Protein chains: 2
Amino acid sequence: MFTIIGERINTTLKMVQAAVADRDADYIQDDVIQQAEAGATYIDVNAGARIGHETEDMKWLLEVIQKATDLPLCLDSPDPDVLEIAYGLVSQKPLVNSISLEKDRFEPMFAYLQGKECRIIALCMDDSGMPRSVDDIVSRAHRLVGELGRIGFKHEDIFIDPLIQPVGVDTNNCRMAMAAVKAITTELEGVHVTGGLSNISYGLPQRRIVNRTFLSFMMAVGMDSAIMDPLDSALMACVRTSEMLNGNDDYCMNFLKGVRAGTIVS
Amino acid sequence: MFTIIGERINTTLKMVQAAVADRDADYIQDDVIQQAEAGATYIDVNAGARIGHETEDMKWLLEVIQKATDLPLCLDSPDPDVLEIAYGLVSQKPLVNSISLEKDRFEPMFAYLQGKECRIIALCMDDSGMPRSVDDIVSRAHRLVGELGRIGFKHEDIFIDPLIQPVGVDTNNCRMAMAAVKAITTELEGVHVTGGLSNISYGLPQRRIVNRTFLSFMMAVGMDSAIMDPLDSALMACVRTSEMLNGNDDYCMNFLKGVRAGTIVS
């Protein structure tokens, strides 16, 4: 089952930032309800953009969002103090976004995660920078899963983000990500793979078709989650169709449901 | 480089059949020019539908089509006598569609192919019927390539058709085809993989999105050709975008050309 992490509640987006500043609960709840109806598995909540207000904004958002939906939340912050408060306010086991192997990020996040009941997004980034090879990505994934395993995280609670890089910068970047994902899902059974899709199309025109086609490529090799906009109906249609082709849609039920609802069109 | 076998000149299509019966060269030539402009690599020519007229219809089509385009042709007939005459009329090395392991088809086609300068589509079909497993497909591909090798066919002149079966009949059918194509392109270096796409969506609604997404899945594992309609612009956009993601489009030139021409849209 593909895990859709709905990315729309993010204060770096102007409309969301304004709604948060104005404490406009209707705007936020309406957006969240739409994401839920479109098929989101998690609602990502990022309150980081209004400097100095992250804690209070996060608290307000969590309260408002949880009145509108029963979906679990993805707590999106680099700050363990914000995450600690947020953790106390969620009614369902959250996904935490994110840890990496960068020393400044790894150590505080690792300390925070100990004893928590949560799932975690783990970025294949270390202090040497972005991965430059399949082996960079796969070896970082192994280290992340190994470290998280030491504090009780099971494979199925870990979402590896291989860090997508633009195909416009190096035409091998998609093949590199595909080979890495294939290796990760083969060598680390049960580990999930997620990521933002849109980096692949950075610098290119007509980005949505690139993002969508890229998603099919990645799903073909084992990616089973994405941080994405569930209201992008062409992208959602691609997820549903790809799930069916992957053999994860018994009797094509979800595909047929989408066609009947008018969300999957040729 | 992805090989697009344009499937539109086929007398089983009503409009084409009428044009052939009326000897309407303009209709045929206009269609062929459109396929060429859209990016076809080969023009498939099937004159089999008007019983008793295949030889004369094929001869007429080959003459008319070659006045309109320099593209090589795909000679599509089960009848070696028709193919023999057609072979004498083409100005470029043709692709022949097709041989299989069925005894009644294999023996006459094998005799026909000896000494010919052509490429060949080889179907993974034998007298036991459609393949039922990855191993069925892969072992048949090995037998076809082995037999054709005995009469001088190189890997790069062989297009294996794994025979796509509907995902609506068995939800494992796409995964089976993917695993087979991965094995074939790994074990039989240089062999091409082609096929009709639309069987995958047989019995489902909104078939074009299924065919298109399926093409991305198959290209992700090594399929490098399809028998398809080059005038289906969404499908062609998918081919171009998938080629770019596969690392087969230096500087994203073909993708950007498609965007500028208005044929690749999000």
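**A guided tour of the interface and the salt bridges**

Between chain A and chain B, the count of salt bridges is zero. The model is a predicted one, and the tour begins at this interface.

**Stop 1: the interface**

Select chain A and chain B together. Each side brings residues to the contact: 37 from chain A and 37 from chain B. About 3,100 Å² is buried between the two chains, and carbon and sulfur atoms give 69% of that area. Next, highlight A:Phe217, A:Leu245 and A:Ser266; these residues supply 23% of the area that chain A buries against chain B, more than any other three residues.

Although salt bridges are absent between chain A and chain B, polar contacts are present: twelve residue pairs across the interface meet the rule, with both residues at pLDDT 80 or more.

Now colour chain A by element. Helices H7 (173-187), H8 (207-220), H9 (233-245) and H10 (253-260) of chain A are the elements that give two or more residues to the side touching chain B. Which of them gives the most? That element is H8(A), with eleven residues. By residue type, the side of chain A that touches chain B divides into 22 nonpolar, ten polar and five charged residues.

**Stop 2: A:Arg212**

Remain on helix H8 of chain A and select A:Arg212, which lies in it. Side chains of opposite charge can pair when their charged atoms come close. A:Arg212 is buried but has no salt bridge, and the nearest side chain of opposite charge, A:Asp232, is 5.4 Å away. The cut-off for a salt bridge is 4 Å between nitrogen and carboxyl oxygen. Display the neighbours of A:Arg212: leaving aside residues up to four places away in sequence, A:Arg212 touches A:Ala234, A:Leu235 and A:Cys238, and also B:Ser266 from the other chain.

**Stop 3: A:Lys93 and A:Asp157**

The structure holds 28 salt bridges over all chains. For one of them, select A:Lys93 and A:Asp157, whose closest N and O atoms are 3.3 Å apart. This pair links distant parts of the chain, 64 residues apart: A:Lys93 is in the loop between helix H4 (80-89) and strand E4 (95-100), and A:Asp157 is in the loop between helix H6 (134-150) and strand E6 (158-161). Are the two residues buried or exposed? A:Lys93 is partly exposed, because its relative accessible area is 37%, whereas A:Asp157 is buried, because its value is 14%.

**Stop 4: B:Asp157 and its partners**

Move to chain B and select B:Asp157, which is buried at 13% relative accessibility. The side chain of B:Asp157 meets that of B:Lys93 in a salt bridge of 3.3 Å, N to O. B:Lys93 counts as partly exposed, at 37%. B:Asp157 also forms a salt bridge with B:Arg119, with the closest N and O atoms 3.3 Å apart. This second pair connects strand E5 (residues 119-123) of chain B to the loop between H6 and E6 of chain B, across 38 residues. B:Arg119 counts as buried, at 17%.

**Stop 5: B:Phe153**

In chain B, select B:Phe153, in the loop between helix H6 (134-150) and strand E6 (158-161). B:Phe153 counts as buried because its relative accessibility is 8%. Beyond residues up to four places away in sequence, B:Phe153 touches B:Leu113, B:Cys118, B:Arg119, B:Ile120, B:Leu148 and B:Ile158.

**Stop 6: a network in chain A**

Finally, return to chain A and select A:Arg23, A:Arg50, A:Glu56 and A:Asp57, which a network of salt bridges links.

Terms used:
Residues are numbered from 1 along each chain as its sequence is written. Chains are lettered from A and ligands numbered from 1 in the order in which they are written. This is a predicted model: local features need pLDDT of at least 70, side-chain atom pairs count only at pLDDT 80 or more; totals for chains, interfaces and linings use all residues. Side-chain values use heavy atoms; hydrogens and water are left out. Contact means heavy atoms within 4.5 Å. Buried area is the accessible area (1.4 Å probe) that two parts lose on being put together, summed over both. A polar contact is a pair of N or O atoms within 3.5 Å; within protein, one must be able to donate a hydrogen and the other to accept it, and residues adjacent in sequence count only if both atoms are side-chain atoms. Helices (H or I, at least four residues) and strands (E, at least two) are DSSP runs, numbered from the N terminus. Ala, Val, Leu, Ile, Met, Phe, Trp, Tyr, Cys and Pro count as nonpolar, Asp, Glu, Lys and Arg as charged, and the others, Gly among them, as polar. Buried means under 20% relative accessible area, exposed over 50%, partly exposed in between (1.4 Å probe, protein chains only). Lys and Arg count as positive and Asp and Glu as negative; His and the chain ends are not counted.
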